[in-house]
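Keep the viewer open as you read.

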Amino acid sequence: MALIDFKFLPGIDKQDTSAGAENRWVDSDNVRFRYGLPEKVGGWSSLITDTIVGVARREFAFVDLAGNRYVAIGTDKFLLIYFEGQLYDITPLKATLSSATIATTDTSPICEITTGSNHNLSAGDIVLIDNVTLPGGTGYVDSDFENKLFQVTSVTSTTVFTITQSTAATGTVATGGSIDVKPYEVVGPAEQSYGYGWGIDTWGTGGWGEAASASDVSLEPGLWSLSNFGQVLVATIANGKTFTWNAGDAARLTTRASTTTSGFQTTNNPTATRVTLVSPTTRHLIHLGTETIIGDTTTQDDMFIRFSDQEDINDYTPTAINSAGSQRLQDGTKIVGSLKAKETILVWTDNALYTMKFVGAPFTFGFEQVGTNCGLIGKNAAVEIDGVAFWMSANGFFMFDGTVKSLPCSVEDYVYDQADTTKGQQIYAGLNNLYTEVVWYYPSQGSDYNNQYVIFNYGEAMKGGVWYTGTEARTTWIDATVYPNPIATKFNSTATGNFPTIVGESGLGQTTLFEHEVGTDQVNPDGSTTIVTSFIKSFDFDLQQRQQGATGQATGPTISGEVFLAVRRFVPDFKDLQGNCKVTLAVKRYPQQSDTTTSLSPFTITATTDKKDTRARGRFVNIKIENDDISESWRFGTFKIDIQPDGRR
């Protein structure tokens, strides 16, 4: 019997049934398409031996005037700098609480701190302890606390909170000594959630001991806006303040971001802003979803935009001789995100897309609504490449190339049926331009953090782009621009990070910083290797139709699935194969039945495999290509099978 060729179309089709997705692949993980052929993705390797405490929410790569490269990483607790293989903590500090006292209890590691004024802390906050003079009898020495970070364990009043030491005290001291408490600026929760009343925050959103109203139902995660003003990092906590960090400072790696950075102060900036960015050519610092009265957080208007004077990121007072100004958008309830796109700025609300273009005096910027019912699902759910933007909304995927267009998606129902869209602010879009891919990482239903991804390959333009899915999720991603390969972060909520070092840390989780498209596997911070498995599965093809088409024996209408057929052998065809690969044949009597793996499957394929004899019998069959060992990679070509009639039952 002649061999029949199977050539599958690129991309994954989950909109149709497994039998109806004619000539398509229907499922995948860690697979991409290049020049129409499926292949295993590249591996990834940890950039550092440290792991980060907490969950990363934003990455931004930039260079200073000397050509030094940096990655700023904003987490739910910290602002960090990655530089030359090391991490540095540049998290801004709040005002120091001076001359606090400390109390200990014999055999307990819990230490009680009493401040002279309202500490405004919540359980889980991070504090730096400094200028320590302990009372006698605690069993501790000053260096056990001096210049160390602690996680707030509990808050018992507006002036009392507790921390946990690494060892127990050996004596009970009611109170005494003197320490300075330097609270870290609070970023926000590790995950997005919905709730009411007392349960939605440790002490309510309105302040200590004050219940939140029933309308405060959305608790967005801790987010950052990161951009650069030349070699100066501009960092804004979502719904909070804006800070700067000067990479040109000789002592930059031991200097924290602040509002008082010499020459780049932000003391006159709004103090409650959803999103900030620096305009691409005019160098205005733009605040989106910000205060109508600067410094009064109660006046924050989620649709209000304010921009600084040109070249002066700390001047927001409009005058006849500067270009500072403001604008309020109309369509939507809140500004969600913004991107630079060549000579324009794109601004998304939860319902619409606007362009923001420099037009000069007297208005400085002109605004035009270019789309409606196409709002952004989360702050980081959009990317731009060569003036074209791609984004995920609450109800579909879109692109903007001068006109807003809906992106037909062959996995749309699959993604939206399983995605937890109430956690839209955790969704992170990334660009992998080398492979012409836009990826969205998102949390599925029941997952607290990102655990799935969907990719649109815009490079397959002749086919209108192709889509594929997988499960190797990231919380942030930056493309290979400043650095030669993409850099991304992976979060593990059950592990413990080690940078920065925090005494008494509990439940903050661990983030690993990975360089992608490196090798074939995952190289961990400790140097060990984890297998990167991958697979792709085809649609259920009708053997009788294929056999009739190959032999030309059909004289009338083709009757699909009328007889059973036997698959005698198959001939694999790989464009590239490193190590081994496995091919599994699964058969069905009817489309709705579950797969039945054939008796000899899986078949191990090597670079020298000519053919494999099989014992497969059924009306429908699908193939699955996968790898499950280290140092394996593959790129599949075509599939050839030998089939013959085998009766009606």
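A charge is said to sit over a ring if NZ of Lys or CZ of Arg is within 6 Å of the ring centre and within 35 degrees of the ring normal. With that in hand, look at arginine 283, which lies over the face of phenylalanine 229 at 4.0 Å from the ring centre. Another such case is arginine 474, placed over the face of tryptophan 44 at 4.8 Å from the ring centre.

Before going further, a word on the source: this is a predicted model, in which local features need pLDDT of at least 70 and side-chain atom pairs count only at pLDDT 80 or more, while totals for chains, interfaces and linings use all residues. Residues are numbered from 1 along each chain as its sequence is written, and side-chain values use heavy atoms, with hydrogens and water left out.

Now to the strands. Helices (H or I, at least four residues) and strands (E, at least two) are DSSP runs, numbered from the N terminus, and two strands pair if DSSP finds at least two bridges between them. An open sheet is built from 4 strands in the order β30-β31-β32-β33, with antiparallel pairing. Its edge strands are β30 (382-385) and β33, each of which pairs on one side only. On average, neighbouring strands of this sheet are turned by 20 degrees against each other, direction ignored; here axes are lines fitted to C-alpha atoms, for helices over the stretch in contact, and angles run from 0 to 180 degrees between N-to-C directions.

Find strand β32 (residues 397-400) in this sheet. In a regular strand the side chains alternate between the two faces of the sheet. In β32, Phe397 and Met399 point one way, Phe398 and Phe400 point the other way, and all are buried. Buried means under 20% relative accessible area, exposed over 50%, and partly exposed in between (1.4 Å probe, protein chains only).

What does β32 pair with? Strand β31 (residues 388-392) runs antiparallel to β32 and is joined to it by 4 bridges. One place to look is alanine 389, whose bridge partner in β32 is phenylalanine 400. The hairpin that joins β31 to β32 passes through 4 residues. Strand β33 (residues 404-406) is also antiparallel to β32, with 3 bridges between them. Here methionine 399 has lysine 405 as its bridge partner in β33, and phenylalanine 398 has serine 406. The hairpin of β32 and β33 has 3 residues between the strands, and in it glycine 402 takes a positive phi near 115 degrees.

Rings of Phe, Tyr and Trp (its six-membered ring) pair if their centres lie within 6.5 Å; planes under 30 degrees apart count as stacked, over 60 as edge-to-face and the rest as tilted. By this rule the model has 32 aromatic pairs. One of them is edge-to-face: tyrosine 140 and phenylalanine 145, 5.4 Å centre to centre with 90 degrees between the planes. Tyrosine 140 is buried, with a relative accessible area of 9%, and phenylalanine 145 is buried at 1%. Ring pairs also link Phe390, Phe397, Tyr416, Trp440, Phe456, Tyr458 and Trp467 into a cluster.

Next comes an open sheet of 3 strands, in the order β19-β20-β21 and with antiparallel pairing. β19 (224-229) and β21 (242-246) stand at the edges with a single partner strand each, so one side of each has no neighbour in the sheet. β19 pairs with strand β20 (residues 232-237) over 6 bridges, and leucine 226 stands opposite alanine 235 in β20. In the loop between β20 and β21 you will find asparagine 239, which has a positive phi of about 65 degrees although it is not a glycine. Asparagine 239 is partly exposed, at 34% relative accessibility.

Two other loops hold cis peptide bonds. Alanine 361 and proline 362 are joined by one with omega about 5 degrees, and proline 362 lies between β28 (352-360) and β29 (364-372). Serine 601 and proline 602 are joined by another, with omega about -5 degrees.

We finish at glutamate 39, in strand β4 (residues 37-40). Glutamate 39 is buried, with a relative accessible area of 7%. Its side chain makes a polar contact of 3.0 Å with that of arginine 34; a polar contact is a pair of N or O atoms within 3.5 Å, where within protein one must be able to donate a hydrogen and the other to accept it, and residues adjacent in sequence count only if both atoms are side-chain atoms.
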